[in-house]
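The sequence and model come next.

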Amino acid sequence: MTHSVRAGAYSPHLDGDRDWRDTATRYALLPLRIFLGVTFIYAGIDKLTDSAFMKDAGSGSIGDMMRAVRDSSAIPALVDMSLESPVAFGYAIALGELAVGIGALIGLLTRVAALSGALISLSLWLTVSWAAEPYYYGNDLPYMFCWVPLVLAGAPLWSLDALIRNRRSRGRY
């Protein structure tokens, strides 16, 4: 069996000649990073500043929301754990979203932030939005998959990760 490179196949040149496709390829994950970072920062701040949300009970509270989804969630035991201390769970989710969003936006520990974002989205999908019908009405599943490219690729450009990596390679860090 012969393996060869197909004529006209495209592969980005990381050093040397660059055309618009090379540039687009290098910056392809930046809009996703910005979107997810801003969205998760907003979600965390929104939860932290909503006085109704951070309560054990009452209209709009994390406690009432978790009790409402308990029987329709994929993993009721996970909801039961959150109901042991709904306010602490609410703060954990909000602070987690904030940390993940900041990490993604500035590109610091990007793969760790992206994995954490994917896990937050997965846990919310398995609990809060599991009963959405059809499944694509729930937004947590697409968010989980949006984090996957950042888990795999990190933030190679315009990030603190890249800055640290460049300084280490020059022996300055």
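Contact here means heavy atoms within 4.5 Å. By that rule, leucine 36 touches Tyr143, Cys146, Trp147 and Leu150, not counting residues up to four places away in sequence.

## Basis

This is a predicted model: local features need pLDDT of at least 70, side-chain atom pairs count only at pLDDT 80 or more, and totals for chains, interfaces and linings use all residues. Residues are numbered from 1 along each chain as its sequence is written, and side-chain values use heavy atoms, with hydrogens and water left out.

## Nonpolar cores

A nonpolar core is a set of buried Ala, Val, Leu, Ile, Met, Phe, Trp, Tyr and Cys residues joined through side-chain atoms within 4.5 Å. Buried means under 20% relative accessible area, and exposed over 50%, with partly exposed in between (1.4 Å probe, protein chains only).

The largest core has 15 residues. Leu36, Phe40, Val100, Ile120, Trp147 and Leu150 touch the most other members. Two or more residues each come from helices H2 (30-49), H5 (86-106), H6 (110-127) and H7 (140-153). Helices are DSSP runs (H or I, at least four residues), numbered from the N terminus. H6 gives the largest share, six residues. Another core, of six residues, lies apart; Phe53, Ile62, Met66 and Val79 are among them.

## Helix H2

The buried residues of H2 are Leu30, Arg33, Leu36, Gly37, Phe40, Ile41, Gly44 and Lys47. They lie on the same side of H2, because they cover an arc of only 145 degrees around the axis. That arc is taken from the directions from the helix axis to the C-beta atoms. Their cover includes H5, H6 and H7. The face turned away from the buried side carries exposed Pro31, Tyr42 and Thr49.
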